Amino acid sequence: MASITKRRECSIAYLYILPFFLLFFIFGVFPIFNSLGLSFTRQITIGTTKFVGLRNYARLFSDELFVKALTNTLIIWLTAHAVVIPGSFLLAFALHHMIEKGSGFYRTLFFTPVVTSSVAISLVFLTIFGKQFGILNQFLNSLGIPIIDWFGGRGQYIKPIIVTIFVWKWLGYDMVIFLAGMQGIDPTYYECARVEGAGVGTLLTKITIPLLKPIIVFILIMSFIGGLQIFDEPYILLSKTGEMGAGTNYAGLVLSRYLYYLAFSRWNFGYASSIAYFLVAFIVALSALSKRLMKEDKSA
Amino acid sequence: MKRMLRLIVLAALFASAVNPVWSAGSAEDEGLGSLQEPAALTFWGWPTADAAVAAVIDGFKARYPKISVDVVMKTGTNELRDALTTAMAAHSGVPDVTMIEIKDIDKFMIYGGLQDIGRKPFNAGQYEKDFVPYKWKQCTTLDGEGILAFPWDIGPSSVFYRRDLLEKAGYPSDPESVAELLSTWDDFIEVGRKVCALGDKIWWTDNAAQIPYIYYSHKNFFTEDLELNIENPKTRQVLEVAATLRHEGLDAQMGLWTEEWYQGLANGSVATTIMGCWFGGFLKGWIAADSKGEWGIVPIPEDPLQNYGGSFLAIPQESKNKLAAWAFIEYICADADAQNTILKTVDWFPAYIPAYSDALYDEGDPYFGGQKTRRVWADIAQSQGAFVTTALDAGAEAAFTAELAKFLDQDLSIDKTISNMESAIENQVAEEKELLLEIMK
Amino acid sequence: MSTTIASGIGKPGRAVIHILLAILGILFVFPFYWMFLQSTHTSLEILKTPPPLFFGRSLVENYLAMMDVIPFWRSFCNSLFVSLTTTAFSLLFCSMGGFAFAMYSFPGKEILFNILLLTMMLPWIVSLIPWFIIMSRLGWIDKLIALIIPGAANAFGIFWMRQYIGGHVPKDLLFAARIDGCPEGLIFFRVFLPLLTPALGALGILNFLNSWNNFFFPMVVLQTKEKFTIPLALRYLNADPYKGMDFGVTMLGASMAVIPILIVFWAASRQFISGLTTGALKE
């Protein structure tokens, strides 16, 4: 009797997961492994590929542009998160602990960019950072400061612009996550500490931050996955700077943009796939590292 | 975790076994079809090819009543290329006739995918003498045997200049005098200084990088044997010219195709721009439609034979109607009336030399103050000289323009820049070069 | 809301915090203001020195010019259609799957779930090239279905649904439903599905927005203007070299793409925020 129920249970379970896994294997899993296969090949003619072993991977670090794209992506990711993570934490702290009214309003306000299309946002920032006629330069000019060629020059402003947009867009997201975490902390902790005479700083470092550690790790992992794949903003902002869309000195060349260029403008599908897999390895390693860090803290 | 790993390895092996999803394409010379049976051609183009085809389709239908043409418009040259790439890789939905832009022709030269129309029964080779020589070479394989695409339009380049600004600076503004005025690059700089002196927001040219660029717009990077060939006196000279313009503040440092650039061209703050002839249609059409009579054109100083842009028509190998497709291409590209009708309709300049004898080329264009611009461009296209195009040019161009921007923005030395360019280009095209050298053997 | 610390910083301190927040708020709002403002001016007006700082009168002119370049409402409907259908499929499949993972045990459950978790970690760009080839093999290039069907297979959705069901819905309900004689295959629909409304709402918002704002995959797969979704239409407005770009017109397009979402968001920000931060609060 039990085994019959068991079997029926199983078949029902399979039936329930079937539609999902059918699509998931075709559109999710298969492409992932297929591109792993592609990364060991090289195109000979449009119909045929040749197995080249690890050649594509070996080429990665002798390719200046790949190194450039990798460092750019890392710099953008690091600086953006160096602002977003502490910034969103402080904002959440301020909204949760330091004001009595209006925190709901600010929460909505700071979260607004999150729901906005990155294409629309990039277009707006493009008009803000125009050279001869952009609002920011006009403003600087009226203060007597010489205008800045935001997307030209040595390309030194390109990454800061991308970081600015990134921070503007995602600050509210991390803030809300921190806020939710803070709301989960029992207020009596703070009360006890205050009775013992602890100041704001002590409360922050001794109670809030340690209790939010899992949330911080979550935010970090999400940021590896999302931030290292940044594409839309550089793509739109730099679309007028040539076939690779990278800006002067390749200052705005990011990994996913380079991959796209290699695959579509140059038909180097094998090499492009090896870049994709490098990115995978990198993200997995970083995520594992941050998980381990959290575990060590727990045992300590 | 170990089990997971084993699973991943297995799946990857499986996936590479089914690879390539890109299985072998159909053989050459299949799918000829017939001119006697009704055929429906699919044609892919980018704006404004629909208007161009519409203007001449009646003539084609009169000659080939059984062939119908379905014009599918892609939104731009890159979108068309990406779509074609996919369709060819997947062996489905490949058009019978497709446009190919000059910057994308290289990939087909290297990786194939297009029907060689030099062969029987197409015999495209018979038209060689009718086309502008450099254009013909661009669609011919390295060994000179195969013809992978057929020339449609070209972009003979010129200096577009604002008559009013030259006049304000005390110069004559009619094209003959200006051509003389700007006969060397030194003259070009000298005149620029005076024009820039007119005011704070007035620049002599849009971007100094255009000058070295025009010398290398999909050409001249390599010799026929694929030896890198950018270290020469001319390169040094034009880099010098560009640097002078930049350092003296004579160029507006505007990015091409940006809003500011359009604005600068429309409001009279930019006095010259160096572009292919198709740009005339852009200026007239929408960039500066109000500036009728303000613009003129002259050949590029010192080296008039310059080309920027252009397109081809080609038949993908997987077409099932190749004969009909060829009839269509022949009609569009190798017929003086059709070419000139298209020129009138969308400003796409013929590569087909017999078209130039039409009276159309001696009509003045009111937008350009009555100048016979078409004759000027036709002469430019047939000027003396030669340039070398190879299938590595597109890759080289990306590296070249990046180094060029660096040169101007960071004030690098010319020696350093040329050596930077050389290593960047070699790095960029390494893969393709290796393949090509194999093919050449 | 806890004010345990706030009470310690006093009124002046709180005033300072409010001022800082207000300044930051203005910085956050400015790009939106600038976008709306520019959409009411012609390009010529925008590029004047000094630029206009208040709304102008060229809205209609910009609108007509925009409609000349892109079929905006067509794109709007495409986006709406894709987002709604993707979300509907995804909610159905993910809740069914999540239910099976949470309530049943069956051979292969572990390994399937692990694959799922693993793929969630991978960057989407990895699958781009083969994904693209599959699409053309299926003949889905330049068809909206290429966005809808693959979009329904959302690994995160099924993961999160399992977590939600496991955490919020007692397993006893399954046994109770069986005793009541509900056919096994219908238990999910009759008993569980109604209990999942909050989770479905949150996941639905997440899916809808991701789909609405998605740029990369539509860019790769959609090729003709008639098929464009909103982000592609916007990009076309900016990049079309045959019509030229116009600040006012582009900003109008951007505004019109953003405004519907903003209205819904401000009306239901609580639900939105919980929807979009869904993954963070449970793990």
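Among contacts in chain B between residues at least 6 apart in sequence, what percentage join residues at least 24 apart? In this predicted model, the share is 79% for those contacts of chain B. The chain carries 17 helices and nine strands. The radius of gyration of chain B is 24 Å, close to the 22 Å given by the globule rule for 441 residues, so chain B is as compact as a globular protein of that length. The C-alpha trace of chain B spans about 70 × 65 × 40 Å along its principal axes, and 53% of the 441 residues of this chain count as buried.

Chain B also touches chain C, in a contact that takes 21 residues from chain B and 21 residues from chain C. On the side of chain B that touches chain C, at least two residues are supplied by each of helix H3 (77-90), helix H11 (259-266) and helix H12 (278-287) of chain B, and H3(B) provides the largest share, with six residues. By residue class, the side of chain B that touches chain C comprises 12 nonpolar, six polar and three charged residues.

A further contact, between chain A and chain C, takes 86 residues from chain A and 80 residues from chain C. Helix H1 (residues 2-38) of chain A gives the most to the side of chain A that touches chain C, contributing 23 residues, and the residues of that side divide into 61 nonpolar, 19 polar and six charged.

Terms used:
Residues numbered from 1 in each chain as written. Chains lettered and ligands numbered in written order. Predicted model: local features only at pLDDT ≥ 70, side-chain atom pairs only at ≥ 80, totals over all residues. Contact = placed C-beta atoms within 7 Å. Helix = DSSP H or I, 4+ residues; strand = E, 2+ residues; numbered from the N terminus. Nonpolar A, V, L, I, M, F, W, Y, C, P; charged D, E, K, R; others polar. Rg over C-alpha atoms; globule rule 2.2 N^0.38 Å. Buried ≥ 20, exposed ≤ 12 C-beta atoms within 10 Å, placed from the backbone.
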